[in-house]
Structures are given as structure tokens and as C-alpha cells.
Amino acid sequence: MADRRSMPVSLLAIIATLSIGNVVAASSVVHPVSDPHRSAAVELFTSAGRSLSLEETYEALRTFEVLGIGKAELRSDGCSSVLDVLKLASSSPKELYYALKVNQLSKCSSERAVFEVAASRLKAALSDVSSLLDYHYSVGGLVLIKDLSPDVDVALTDAKGTFQSIKALSQSDGRWRYGSNNPESSTYAAGVALDTLAGIVKLEDSEIGSSMISAVSNDIKKLFDSIEKYDDGTFYFDEKVVESLEYRGPLATSSVVVVGLSSFASATSEKIDIPGEVFSGLAKFFLAIGVPGDSKDLFYQINALACLEDNRVSIPLILSLPATVLSLSKKDQLKVRVTTVLGANSPPLKLKLRQALKSDSADISVIDSQELKHDSSGGFYYLDVLPDSIDVGKYKFVFQILLEDPEHKKSYATGGRIHVPIYVSGVVIVENAVISVLDSDLGTVDTQKKLDLDKQNDISLSANHLQKLRLSFQLSTPRGLAYTPHQAFLRLKHETKVEHIFVVGNSGKQFELVLDFLRLVEKFYYLSGKYELELAVGDSVMENSFLWPLGYIELDMPEAPEKAPRPPPVAADPHSRFEVKAEIQHIFRAPEKRPPEALSLAFLGLSFLPFIGFLGGLLRLGVNLKNFPSSPVPATFAFLFQVGIGAVLGLYMLFWLKLDLFTTLKVLGLLGTFLLLVGHRILSHLAATSAKMKSA
């Protein structure tokens, strides 16, 4: 087999896209929540490196609960914070709300007295509400207290009035305002409002009339009329005014609306008429995100999916494929799973493959409708063998989920006809590969060599500028049909690294390229000599894509005219930067002349004469320690003064040896200050002692 390490970068760049299709195909299919989500949850919520707030603690606990992760993974002092907030008189409704949320999941406290105090504070907060969020936290907190301790009085003094006050913030398009003083409408606020109204219904069901609930249901229909949609059937909510200060993004907005809808539907018996395809599209939106890299986004995703998993309106079913690349050569089976968004088993159903549309003829199905078999042990549906009409290529398979129980059609959304991109790959058969040198005038074969493109070839040809080079071969699929790859090139590379690339054309199975050297002399820059031959054939669904050296051809070109084009400069090999570099020979400056050693030593001796003179002067003056203080404090200052003098002398020596002037002056300034202080004290002592001796 040929050594592929020697492949040129230019051709590698040309065929680099051949394997991208497998990745692209897989990215178009959504999958239910799985282990990567669990790993991400543990990493995002436990690696913060700080204590979590009550809101973050609730989001972590809720995410862990839905994903089935043990709470021991979460390092948090949540319970102590919960009890502090519930007992603190100054706690806001938001703090009480999240404290009760955490308490509900962690079972921190069940004392009735604690809940009674919290309930009284939340009801008092409702009497002075200024925004939708204040309603949400107060009502939501009371609902939590009712669930945690049913004996506590959480009845609203004016449930109907509170309901109407929130309803008054709704707009004609189904969106809500955050407050009466805030004119901006928000889709996110609509989700919050639905959740809050559901809480009021749970607290005071008897006081909320059916007409009020029907009015909210109409708002929900209007809200879903404005839902955004992609061409692939994905649905999502977003704010109409993205410049708003309250803008949260499509993920947060869609999540809050789904939670609010689910909560309102579970609190009322009102029928909410929303097409099942919308729920399937919302599920596709949340799952197509993959695994978010932010803890807040992960919470929004998982919380919304949990509501889609268990809601009274419609539960979406998800169709996923373990593999979207099927090999004809390996006889791969088509396998499909149908689950809920969290990966639970689906109800009894039939799965049919309605169509298989080829990418180049999207309107014509190559198969008849087929029902997939069900493997109850593996939990998937499958086709034993791909039909003979499916060959190597790119397809779009159209599936349809059919529920067996008519009652399930009322509670499950199947998503209609589901389009899934499928890549069918295989080993392409290469036959009748021949390379020939032809005479230009008669077209007769001068030299012909057969090629075996499954093995290494090393042919040698020769031609002049009056002849032609012909390369031909045939390609067919495992089904025996003609196959046209995405790329087919012949490259000729001269000894001077100048290269030329030609596209190999085809007609059916037959691929052929004819190079007329007489017409190509200028393109070849009249360069005679040896040209290496390489053939590249490849496609994303071709399992045996190849780039093979074929050998070389010796070309005899005419002499270049005076004004003939010159070859372009050869680009530097990018790998040459890693080659061993030439050794650099350094030329050092010749050392300067120095004085004789004896003269240098004599000068060194002379430099000590001032110091010797200094010592002689001290002896001449009769320096002694007779007046050294005997008292401890003066003795200490005298000692420090002497040490300071010695430090200054040492600093002079360092200045002579290594220090620069600026550093020396800085240190000398500090030492001078020190000597001034201790010198003043010792001189004051000596003066006082001398005055006493004179007076005596």
C-alpha cells in the first residue's frame, strides 16, 4: 500500500471534506436526555467554587431530581440558609419562595409554626404588590406551604381580585406586562403569569369562575399563535423586542412558557387546544440544544423537558437513531428508537418508514411504505435489510409514528411525518483502470498501462508535446450501478514542485480524462522533465476514498519562447519549519586590551591606603569606649548608632562592587534617617551626662 504520509497538502485540502458528511448527518437528529446531561449537571453545579444562593440551590436540586442524580453530589449549606430565611422577619417574598422551593426538595423543615409565620408574611406582601414577579413569588410561596403543610391557613383574602389584577396585565397578543407602570409586553412574563394564575386556582379553586379560566385559555391560544418556527418543524418562543432590559433569550423564554402552560393545565380542567406538532417542535428545540455549558441554561432545558414529559395537554414522543450512517458493505440494520423526551418507554405503537427520498430527486421515493419490526428486548424498531432500491448516497427517510391505543392519541404527540437525513455508504468498485499515451495526429495508442487501484502502482511513461495522456476507469456501487463521486482529480507534479490538477469527467460508469500536451505547453510553462502522477477519488459516502500515487511520466516540452509565462514561485512546505535548522556560527568581538597584572595589583593596593589612613587617624585621636553608656536604654541606642555607621560603610562597599547610584541613594536615605533618630538620642544622652558632670 502506498505511503500516505507523503500526500501533498494541496490535495489533502481538496479531499478533506469527504468525511464531514458523517458528522453533519448525526447533528440533524435529536436524542432524549442521557448520561452526558447528568455528567454536565454534576460538573456545572458542583464546580462553582463558591456557596450557592437559594435560587441556584433550587435549580441544582430540581435538575438533579429530574435527571435522577443523588443530592449528595451537591455541596451546599442549603438547609441552614432555608431555616435562616424562613425565620428572618425581613426576608423578601422572593427569598421566601426559593427557601420553600429548596425545602420542598430537601425536606429541611416540617415545623408548622415556621410555615405559619412564612404564610402570614407572604399574605401580607400580597396587600402591597407592585409587579407581576411580586405576585408570582407570594402566590407561589403560599402554594408550596399548602403542599408542605396542608393544615396551615394559606387562603387568600381576595383571590378573585388578585386573579383579575394579574389578568389585567395581559395584552391582546397573549403576552403580559411585568407591571401596570411598565408598558412593555413580554413572552417571558406570560409564562410567569400563567404559573402564578395556576397557583391562585390551586389555592382558591371555588372562587375562580370558569369564565375567568376560559379568558386565560384564550390568551394562551393567542400566545401560541405568535410562536416562532424553523423550517425543520422546530418551535420556540422569543421576545419581540430583543433590546428590552427584560430580554432573556429563546431558551429561558420557551422554558418559562412551557412551565407556565403545564402548571395552568394541571390546575384547571379547561381543555387547551394546542396542536400536538407544537409540543413536538418545542421538544425538538430543547433537545437540539444538546448539553448546555451554563448551569442556568441547563436548568431551563431540563425543567422544561420535565414539564413536557408530564403534562395534561400533550406529551411529545421523540424519534432518534443510534446511527444515521448505514453501510451497505457491512449490511448495517436501520435501527430507530421512540421514547419520551427524558428517555422513558413509549406507549404501544407502530413505526412506519413512509418514504426514502434521494438528495438529488427529493420528490421521488425509492421505496414503498414499510413497517419496522419491534425488538422488545432492545427497545428499538428495525429493518432487517435495506431494500435493493437503496444504494450508496444521501437520503432523507420519512418516518411516521402510529399509536395503537386510540386513547393515547389524546395525550401523546407523535410529530406527524418525521424527516431524518440518512447517509448510506459502501465500498465503491473500481474497474478497468487504464492509462495511455496517444499519438496526437491519429489518436493511436503509443503506450498503455493497466492500473490496479487497490494496490500500489509504479508506472513509468514518456511523451512529448505532440502526444496526449489518457486516463480511464469505471466506478460502480455495491448494487452494481454507476457511481459519481463528489471529487475525482488527477495531479501532475513537476520536479520543481510546480503542480497541475485536472478534474476527471465521467459518463455513466466510465470516467475519462485526456490531456493534450500541445494545448497545455503554456500551462505547463514549457517545463520538461519528470512529472509525478497521483489520482484522488472520494466522497463522504464512499468508504474506500483514495489518493494513490500512480507513477510518473517523462515529458519532453519544446524550448520556451522569450515571452513565455514563468512558473509561479513554489510555496514553502509548511512542515519545513520543524526541520533541523543550520547551525549558527557566532563571531564574538575581540576582547579589549587590559593593563599588565602587576599594575592592576599595585592600583588595588593603593585603593586601600585611604582606609589605612582612616584607621591611623582613629588611633591618633585616641578613640576608645570609655564614654560608652552603661544604662540599658542609652547603651541600646549607642549600639544601634554604631551598627548604622557600619551599615553605611557596608553600603559604600556594595556600591563599589555591584550597586548602581540610584539604588545606593535610596538605601542611604533610609539608613540616614535611622542614624538621625538613634544618633540624636545618644548625643542627647551624652550632652546631658556631660552637663551633670560639669555642674558637679
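Tutor: We will take some labels in turn and set each one against its definition; keep in mind that this is a predicted model.

Student: Let's begin with single residues. Why is Ser-254 called buried?

Tutor: Buried means under 20% relative accessible area. Ser-254 has 0% relative accessibility, so Ser-254 counts as buried. You will find Ser-254 in helix α12, residues 250-267.

Student: What makes Lys-271 count as exposed?

Tutor: Exposed means over 50%. Lys-271 comes out at 67% relative accessibility, so Lys-271 counts as exposed. Lys-271 sits in the loop between α12 and α13 (276-288). Lys-271 and Val-313 are 42 residues apart in sequence, while their C-alpha atoms are 7.9 Å apart in space.

Student: Back to Ser-254: which residues is Ser-254 in contact with, leaving aside neighbours within four places in sequence?

Tutor: They are Tyr-236, Phe-237, Phe-285 and Phe-286. Contact means heavy atoms within 4.5 Å.

Student: Now the helices. How do α6 and α7 pack, and at what angle?

Tutor: Helix α6 (residues 93-106) and helix α7 (residues 112-126) pack at about 145 degrees, and their axes are 10 Å apart. The crossing of α6 past α7 is left-handed.

Student: Which residues meet there?

Tutor: From α6 come Pro-93, Leu-96, Leu-100 and Asn-103, and they meet Phe-115, Ala-118, Arg-121, Leu-122 and Ala-125 of α7. By class, this contact has 7 nonpolar, 1 polar and 1 charged residues. Arg counts as charged, so Arg-121 is the charged residue in this contact.

Student: Which residues are buried in helix α9, and what do they pack against?

Tutor: In α9 (residues 159-167), the buried residues are Ala-159, Gly-161, Thr-162, Phe-163 and Ile-166. They pack against α8 (132-148), β1 (176-179), α10 (187-203) and α11 (210-225).

Student: On to strands. How do you know that β11 and β12 pair?

Tutor: Two strands pair if at least two bridges are found between them. Strand β11 (residues 373-375) and β12 are joined by 3 bridges, so they meet that condition, and they run antiparallel. Asp-375 stands opposite Phe-380 of β12. The two strands form a hairpin with 4 residues between them, and Gly-379 in the turn has a positive phi of about 75 degrees.

Student: What other strand pairs with β12, and which way do the β12 side chains point?

Tutor: Strand β7 (residues 334-340) pairs with β12 in the antiparallel sense over 3 bridges, and Val-336 has Tyr-381 as its bridge partner. Along β12 (residues 380-383), Phe-380 and Tyr-382 point one way, Tyr-381 and Leu-383 point the other way, and all are buried.

Student: Why are β18 and β21 described as standing at the edges?

Tutor: They belong to an open sheet of 5 strands with mixed pairing, in the order β18-β25-β24-β20-β21. β18 (459-464) and β21 (499-503) each have a single partner strand, so one side of each is left without a neighbour in the sheet. For β18, 6 bridges link it in the parallel sense to strand β25 (residues 546-556), with Leu-461 partnered by Ile-553.

Student: Which strands are at the edges of the antiparallel sheet?

Tutor: That open sheet of 5 strands has the order β17-β16-β19-β23-β22, and its edge strands are β17 (445-451) and β22 (505-507), each pairing on one side only. Strand β16 (residues 429-439) pairs antiparallel with β17 over 6 bridges and antiparallel with strand β19 (residues 467-476) over 9 bridges.

Conventions:
Residues numbered from 1 in each chain as written. Predicted model: local features only at pLDDT ≥ 70, side-chain atom pairs only at ≥ 80, totals over all residues. Heavy atoms only, no water. Axes fitted to C-alpha atoms, helices over the stretch in contact; angles between N-to-C directions. Left-handed = near helix turned anticlockwise from the far one by under 90°. Buried < 20%, exposed > 50% of the residue type's maximum accessible area, 1.4 Å probe, protein only.
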